[in-house]
Every structure is written in structure tokens, then in C-alpha cells.
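The sequence and structure are shown first.

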Amino acid sequence: MRMTLLMLALLSLGACSMRDTVNMDQPTTQVFDLNDPDKDGVIEARERCAGTMMGAAIDNYGCGDIKTINERREVKVLFPNDSSYLAPQYFGQIEELASFMRQFPNTKVTIEGHCSRTGGYDYNMELSQRRANAVTEVLIQQYGIDSGRLKAVGFGYNNPVDPSDTPEAHDKNRRVIAEIVGDDTTADMKWNIYTVDQEVK
């Protein structure tokens with residue numbers, strides 16, 4: 001029995017020595033592209049959304065989560081009675097809106113102009129349009145926002161924020177609203193080499 005085991009061991013060693021060997025002196029071909037041109041932490045072999053901005057948070061395939069942006073915000077710009085003059089003191093409010101639009105470049109904004117309930121209906125429609133135009137012009141000329149992303153609409157006194165007929169109500173109703181809509185990427189998860197496959201929150 002011992003002799004049989006010894007013979008089997010010798011035969012197996014002989015078989016091992018007869019296997020073909022591979023010369024490792026030659027360079028091997030890289031099967032997967034391990035480069036990361038957009039520096040987002042995702043190799044090209046796994047990348048599905050090339051060209052991610054540096055520092056953007058993305059999932060483990062290099063894509064940001066898509067979030068629908070649909071909000072209304074009041075731009076704290078008030079106008080004198082019977083005027084579309086935009087005082088420089090309000091440019092900071094418009095700059096905040098411009099910064100938001102630069103941060104989310106796929107958004108579009110409708111600027112709504114509103115009036116107080118004084119004077120005729122048609123005149124107030126025209127006046128509110130001029131007020132909306134004044135804000136869009138500042139966004140374009142002062143802050144470089146593409147005009148194709150902006151729309152100006154006058155609502156006259158159809159949508160008062162304060163329906164009472166007081167001087168304070170009239171002041172409040174001479175205002176501008178920005179309606180922001182669009183799809184843009186958000187940064188919910190940053191991929192790194194320790195992240196396993198998972199859905200973006």
C-alpha cells in the first residue's frame with residue numbers, strides 16, 4: 001500500500017513538471033481602462049457619465065442623482081409707485097438668484113412682475129411686464145445669465161400677496177417672483193474605492 005502511494009506521488013510530481021510554463025518577462029495587455037480623466041474617483045472601465053465636474057459628488061458609476069427643481073421664491077425687490085425703476089440696493093437679491101442659476105445650469109427661470117391695485121388694469125399689466133423685464137435685464141447684463149434661460153411675465157394686480165387696500169399692502173404687492181424649474185444633478189453620494197454597489201439616495 002505504501003509503495004502504491006509512493007508511486008502515485010511520483011507520477012503527480014512528474015505531471016506537474018510537464019505543464020507548459022508562461023514567460024512573464026513580456027508586458028501583459030491591460031484589459032480594462034483604469035484611467036480617471038475627469039478625476040471623480042471612477043475608472044473609465046466603470047464610468048457611465050464622463051466629464052463630471054471636479055469635486056462633484058456622484059454614485060459609483062460617475063453619475064449624479066437627478067433631482068427635479070421646481071420652486072418659487074420671492075426676489076426681495078420692491079418698486080416705487082407707478083415705476084419700473086430697479087434701485088441698485090436690490091442687486092444683491094438678484095445676484096443670489098444668478099448664483100443659484102450658475103450652480104444649476106440646466107434650470108430656467110420665469111420672472112413674474114406684480115403691481116398694486118391702483119390705476120387701470122391694462123396699464124398695470126404693462127407696468128408689471130416692465131418690472132419683470134428690468135430684473136431679467138440685470139440678470140443678463142450684470143450677471144451674464146443666458147437670455148434663453150429667462151422669461152419675463154407681467155401679472156398686473158391679478159395675484160396680490162396682500163389683498164387689503166392699504167398703503168402697506170400696495171408696497172408689498174409691487175414685487176417680483178422668480179419661478180425656477182428644471183432638472184439638475186445633485187450631490188448625494190461621493191464614490192470612493194471603499195464604496196460598494198448601492199442605489200443613490
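In this predicted model, the largest nonpolar core comprises 26 residues. The residues with the most contacts inside this core are Leu 86, Ile 94, Leu 97, Val 109, Ile 111, Val 135 and Leu 139. At least two core residues are supplied by each of strand 1 (65-75), helix 2 (91-103), strand 2 (108-113), helix 3 and strand 4 (176-186). Leaving aside residues up to four places away in sequence, Leu 86 touches Val 77, Phe 79, Phe 91, Ile 94, Ala 134, Val 135 and Val 138.

Two of the contributing helices also pack against each other. Helix 2 and helix 3 have axes 10 Å apart and meet at an angle of about 65°, and their crossing is right-handed. On the helix 2 side, the contact is made by Phe 91, Ile 94, Leu 97 and Ala 98; on the helix 3 side, by Val 135, Val 138 and Leu 139.

Helix 3 itself covers residues 121-141, 21 residues in total. From first C-alpha to last, helix 3 reaches 30 Å, close to the 30 Å expected at 1.5 Å a residue. Its buried residues are Asn 124, Leu 127, Ser 128, Arg 131, Ala 132, Ala 134, Val 135, Thr 136, Val 138 and Leu 139. An α-helix has 3.6 residues a turn, so residues three or four places apart point the same way.

Met 125 touches Gly 154, Phe 155, Gly 156 and Asn 158, with residues up to four places away in sequence not counted.

Aromatic pairs are considered next. The count comes to two aromatic pairs. The planes of Phe 100 and Phe 104 stand at 45°, so this pair is tilted; the ring centres are 4.9 Å apart. The pair formed by Tyr 121 and Tyr 157 is edge-to-face, with 5.7 Å centre to centre and 80° between the planes. This second pair links distant parts of the chain, 36 residues apart: Tyr 121 belongs to helix 3, and Tyr 157 to the loop between strand 3 (150-154) and helix 4 (167-173).

| Residue | Relative accessible area | Class |
|---|---|---|
| Phe 100 | 12% | buried |
| Phe 104 | 14% | buried |
| Tyr 121 | 38% | partly exposed |
| Tyr 157 | 13% | buried |

Asp 82 has a positive phi of about 60° although it is not a glycine. Asp 82 is placed in the loop between strand 1 and helix 2 and, at 45% relative accessibility, counts as partly exposed.

Finally, the chain as a whole may be considered. The protein chain contains four helices and four strands, which follow the pattern α-β-α-β-α-β-α-β along the sequence. Of the 201 residues in the chain, 33% are buried. Among contacts with a separation of 6 or more, 69% are between residues 24 or more positions apart.

Methods
Residues numbered from 1 in each chain as written. Predicted model: local features only at pLDDT ≥ 70, side-chain atom pairs only at ≥ 80, totals over all residues. Heavy atoms only, no water. Expected span 1.5 Å × (residues − 1). Buried < 20%, exposed > 50% of the residue type's maximum accessible area, 1.4 Å probe, protein only. Phe/Tyr/Trp six-rings, centres within 6.5 Å; stacked < 30°, edge-to-face > 60°. Core = buried A, V, L, I, M, F, W, Y, C linked by side-chain atoms within 4.5 Å. Contact = heavy atoms within 4.5 Å. Axes fitted to C-alpha atoms, helices over the stretch in contact; angles between N-to-C directions. Left-handed = near helix turned anticlockwise from the far one by under 90°.
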